[in-house]
Amino acid sequence: MMGRRAFLFSVGVAGPAMLLVKRSAGAAAVHPTPRKGITAAKVLASAQLAARPDLQELFDGIRAIPAVADGIRCSCGCAELPGYYSLLSCYEGDAMAKICPICQGAGRLTIRLHAEGQTLGQIRVAVDAQYG
Amino acid sequence: MPFSDHVNRLAGLLLLLQVPFPAAAQIRASELGTMTQLIDGTKLTVTYSRPRTRGRQPLFGSKAAHWGEVWTPGANWATVFEVSKDVTLNGRPVPKGKYSVWMVLRETGDWTTVLDPRWRIFHMNPPDSSVTQIRVSTPVSQAPFVDVLTWSMPELSATGGTLAMQWGTTRATLKVGVSPSLDVTMPEADAQAYVGRYEYREVWPTPGRTGVSAFIVTYDNKSLKARWEPNDDYMQTFALIRVGPDIFTPGLYDKDGTIYEVLRPDMMFTFKRVVGQPTTFSVRGLSDVLEATGTRKP
């Protein structure tokens, strides 16, 4: 049987990553309202991710659903950064999602649940359940 | 004043500004220190100046700290205790906030720890009693010698720990209790729907193994629990803690039956229902990659 411990170590980067968390622990996340007319124009393109080809599909996935990603609050602590608005912000400009496993995981979860037909409200619940 | 005097004064000032004054480069008898501990999202911080014994023995019941004194367990400005969420100290509720810390020293019996919301007080000016203070009976014991007054948390659990102040051979202890961020218990009416036997199938099995095992969900002691057959040495029997609708994360038990680690966000179980009955589940990790699936078996 696969060691569950090995599985956890294979994904176990959350500990250090969660050290980034700055929000008051235990506080319920307040998700942002998607901005009217928001687009994915600032989401990094594949050419800007040449050093991280493994992330291109993820960024492409977020690019396809800007209005959904804009309604999710990321829990890694980047919400405290100036200029940050939503999970979409994690994939723009300096793009913390290039290095942060929480931004990446929340992005993948959002993309998957949206593809499954879940509403923004349901996606928020799932994001809070895992990363809240 | 003649212009030349102005020039001379300015020159003198400029000379002074060039003298290197490293910030706070000053020898103190009691240097400033901090102790910080995070427990399930509650942050405790003790900020205090740390006196040394400097050969003074005994410390308590002497000129350093006499019996009956209302003494701050530190030096200079009063020791400050800050908590980010409500806690209990030796069972007494302490709302989140910032407090100066005082101890009423007694030769026999427990001391009394006094927390005063007026936290910026010099040690020579202990506050009078007031209704805003929180008073906590505090056991004192003998311990191996420590030269520098030290606040620490020598014992920790998922729900709290022991906050200790020690100086010389005297140790005062406060049991800290924090509010749990997750409820490990679950009403039986909700839990019974998940109870049963599942076939657990790993997506990435260890080479040479099938990656298929039995996954048993039970309800015990007001908690939903799970284990594999054959048993997993690391996980053992663990709590399935509900963190969302049909979404669970494992909580690992120590030998005393206390949760010591919760695997959120690294291991998430999401059940799917068919006609209201949880029938399958998926297991995903931090990156939302599918690691395993489960299917209910008769």
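The legends below describe several close-up views of a predicted model.

Residues are numbered from 1 along each chain as its sequence is written, while chains are lettered from A and ligands numbered from 1 in the order in which they are written. Because the model is predicted, local features need pLDDT of at least 70 and side-chain atom pairs count only at pLDDT 80 or more, although totals for chains, interfaces and linings use all residues, and side-chain values use heavy atoms, with hydrogens and water left out.

View 1. A disulfide is a covalent bond between the sulfur atoms of two cysteines, and here the term is applied to a pair of cysteine sulfur atoms within 2.5 Å.

View 2. B:D116 belongs to strand β8 of chain B, which covers residues 111-116, and its relative accessibility of 0% makes it buried. Helices (H or I, at least four residues) and strands (E, at least two) are DSSP runs, numbered from the N terminus. The side chain of B:D116 reaches the backbone nitrogen of B:R118 at 2.8 Å, and a polar contact of 2.8 Å joins the side chain of B:D116 to that of B:Q133. A polar contact is a pair of N or O atoms within 3.5 Å; within protein, one must be able to donate a hydrogen and the other to accept it, and residues adjacent in sequence count only if both atoms are side-chain atoms. Leaving aside residues up to four places away in sequence, B:D116 touches several residues, among them B:K98, B:Y99, B:W102 and B:P127, where contact means heavy atoms within 4.5 Å.

View 3. In helix α3 (residues 56-63) of chain A, the buried residues are A:L58, A:F59, A:G61 and A:I62. Seen down the helix axis, these buried residues fall within an arc of 155°, so they line one face of the helix; the arc is that of the directions from the helix axis to the C-beta atoms. They pack against α4 (66-69) and α5 (101-115) of chain A.

**View 4. A salt bridge between two strands of chain B.** The side chains of B:E155 and B:K175 meet in a salt bridge (3.2 Å, N to O). This pair links distant parts of the chain, with B:E155 in strand β10 (residues 140-157) and B:K175 in strand β11 (residues 160-178), 20 residues apart. B:E155 is partly exposed, with a relative accessible area of 42%, and B:K175 is partly exposed at 48%. Over all chains, the structure holds 14 salt bridges.

**View 5. Aromatic pairs in chain B.** Rings of Phe, Tyr and Trp (its six-membered ring) pair if their centres lie within 6.5 Å; planes under 30 degrees apart count as stacked, over 60 as edge-to-face and the rest as tilted. By this rule, the count comes to 22 aromatic pairs over all chains. The rings of B:F60 and B:W167 have centres 6.1 Å apart and planes at 85°, so this pair is edge-to-face. B:F60 lies in the loop between β2 (42-51) and β3 (70-71) and B:W167 in strand β11, so the pair ties together parts of chain B that are 107 residues apart in sequence. B:F60 is buried, with a relative accessible area of 7%, and B:W167 is buried at 3%.

Methods
Buried < 20%, exposed > 50% of the residue type's maximum accessible area, 1.4 Å probe, protein only. Salt bridge = Lys/Arg side-chain N within 4 Å of Asp/Glu carboxyl O.
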